[in-house]
Amino acid sequence: MKKVLILAMLIPLALMLVNCGGGKPKAKMQEIPEWYLNPPQAEDVIYEAGDAAKMSMALAKEASDARARDGISRVIEVKVSNMLKNFMQQSGLGEDAEALEFTSSVSKQVANTVLRGCRIAKREMKTEGSQYHAYSLAEYNLNSLIQETLNEAKKQKALYNEAKANLSFDDLEKEIDKLEAIGE
Amino acid sequence: MKRKSIVIFTIAVIQLCGAFPNRILSEALSQTVISSWFEQLPEAPAGTMFSVGYSGKYQDVTIAEQVAINLALKNMAKQKQIQLIFEVEELADGKLRLLNPTFEQSYEESILIQIKNNFSIVDSLLTEDGYFILLAYPSTGKLSFDSTKPKVWGSQPEWIRELPTSKDWIYGVGIVARYSSWVRAWKDADEYARFDLGKNIEIEAESIHTVQRDDRFTIESKILRQSYDITLRNSVIVEGWYDAKRDIYYSLCRSAKQ
């Protein structure tokens, strides 16, 4: 009975080794969409590609879409800070001393923006073993960005005009009179 | 009892390794015959909205019909107005990678009651896999609409590879795979399509990427957060497609540009 049990436990293990061995499968080059390797370029549109491999197709799609959109947001508004450090270290004494030179660099990119009308124009889903590999191409039309900026400028101008209309010269003079009265 | 648990364990291992039983199981449970309006929703007459409902296999057809109607009514309410709250976070520190998407949706109970009081059944179809129903709101008289015959899925539509572009409409695509229940799969694909549409309208994107390099290693860390809170009106699931070979469900959602 024990032997049967051990055998029963070993069969799945063997299957697992046969089927799952060899680590994570990699995408075949010919299966990678051309637009992922060479995203289209245009003067008035920003394109950024993203990809993700997950066991769940829905998750793979979410991750690759998010990465493609993140690429767009980083192109639009990126604050980059770089830091470079050089270390010189010496250990030991006299002629036996060993000098070590160590260079370290840190770069940090921070992006925070609201994307309006940024769409996933193309998407492809490939299977790699038991995983789904999603490729997404995000597209952001700069005309919509310009329009957005213009709309914002119009709003600001309207607010300014409204404030100006509410604040007449008479009111201003009264305010000045008040201030002068306090000064006396 | 012991044997049973071992058998279950063996099946679980085979399925984990992506072997064939999973596909056989899902193909047996997924749908093959549909109505044309399930694949592509027809344009509704002015002032009217269509919505589709479906249910799985029931012994009692009246229950199947009622379940399908209830789903169609909910879909109609969501179509009219729905609030979507979405957030996705991804954290990666070189070793660990975490992805956490959250989806929240809510629709008005009052809208659902309005629809319940004034709808009509345009068409319905009973297949071996389940029950399909097409509703109209507000209730209409006899529509000049061809009652469709059951059909099989057509070839892959273009919108799966490339999102349609339009001056008047915004689109979103929902994709799910490897579901044991086709009803659950379509429900989720439809919801994902709606959330995808929301992302194409407006999304707040924040991220911090750091790259640390020294003479030997490069460590990349990333925190990414994208979110939106939006209310959609007149967002309709206009098309669906099932890839029987790969067991993938696709939904296309459409909404007018506001």
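Predicted model: local features only at pLDDT ≥ 70, side-chain atom pairs only at ≥ 80, totals over all residues.
For the model as a whole, the scores are ipTM 0.71 and pTM 0.73.

**View 1. Confidence in chain A, seen helix by helix.**
Turning to chain A, the mean pLDDT is 75, with 61% of the residues of chain A at 70 or more. Where is confidence lowest in chain A? It is lowest in helix H1 (residues 2–20) of chain A, at a mean of 51, and highest in helix H2 (residues 34–37) of chain A, at 94. Residues 15–22 of chain A have a pLDDT under 50, and the model gives this stretch seven contacts beyond four places in sequence.

**View 2. Chain B meets chain A.**
Here you can look at the two chains together: 51 residues of chain B are in contact with 52 residues of chain A. The size of an interface is often given as the accessible area lost when the parts come together. Between chain B and chain A, the buried area is about 4500 Å², and carbon and sulfur atoms give 52% of that area. The rule finds 24 residue pairs in polar contact across the interface, both residues of each pair being at pLDDT 80 or more. On the chain B side, the elements that give two or more residues include helix H6 (182–201), strand S8 (169–177) and strand S9 (202–214) of chain B. Which element gives the largest share of this side? That is S9(B), with 13 residues. The residues on the chain B side divide into 26 nonpolar, 16 charged and nine polar.

**View 3. A salt bridge links the two chains.**
Zoom in on A:Lys61 and B:Asp196, whose side chains meet in a salt bridge at 3.4 Å, N to O. Six salt bridges are found by the rule across the interface of chain B and chain A. Over all chains the count comes to 18.

**View 4. A salt bridge within a helix of chain A.**
In this view A:Arg74 forms a salt bridge with A:Asp70, and their closest N and O atoms are 3.3 Å apart. Why are these two residues separated by about one helical turn? The reason is that A:Arg74 and A:Asp70 are four residues apart in helix H3 (residues 57–76) of chain A.

**View 5. Two hairpins in chain B.**
Strand S5 (residues 120–126) and strand S6 (residues 131–137) of chain B pair in the antiparallel sense over six bridges. These strands form a hairpin with four residues between them. To follow the pairing, look for B:Leu125, whose bridge partner in S6(B) is B:Phe132. In the other hairpin, three residues join S9(B) to S10(B). S9(B) and S10(B) are also antiparallel, pairing over ten bridges. One of the places to look is B:Ala205, which has B:Gln226 as its bridge partner in S10(B).

Most residues other than glycine have a negative phi, and most peptide bonds are trans. B:Tyr137 and B:Pro138, however, are joined by a cis peptide bond with omega of about -5°. B:Arg178 is not a glycine, yet has a positive phi of about 55°.

Terms used. Residues numbered from 1 in each chain as written. Chains lettered and ligands numbered in written order. Heavy atoms only, no water. Contact = heavy atoms within 4.5 Å. Buried area = accessible area lost by both parts, 1.4 Å probe. Salt bridge = Lys/Arg side-chain N within 4 Å of Asp/Glu carboxyl O. Polar contact = N/O pair within 3.5 Å; in protein donor to acceptor, adjacent residues only side chain to side chain. Nonpolar A, V, L, I, M, F, W, Y, C, P; charged D, E, K, R; others polar. Pairing = 2+ DSSP bridges. pLDDT = per-residue confidence, 0-100.
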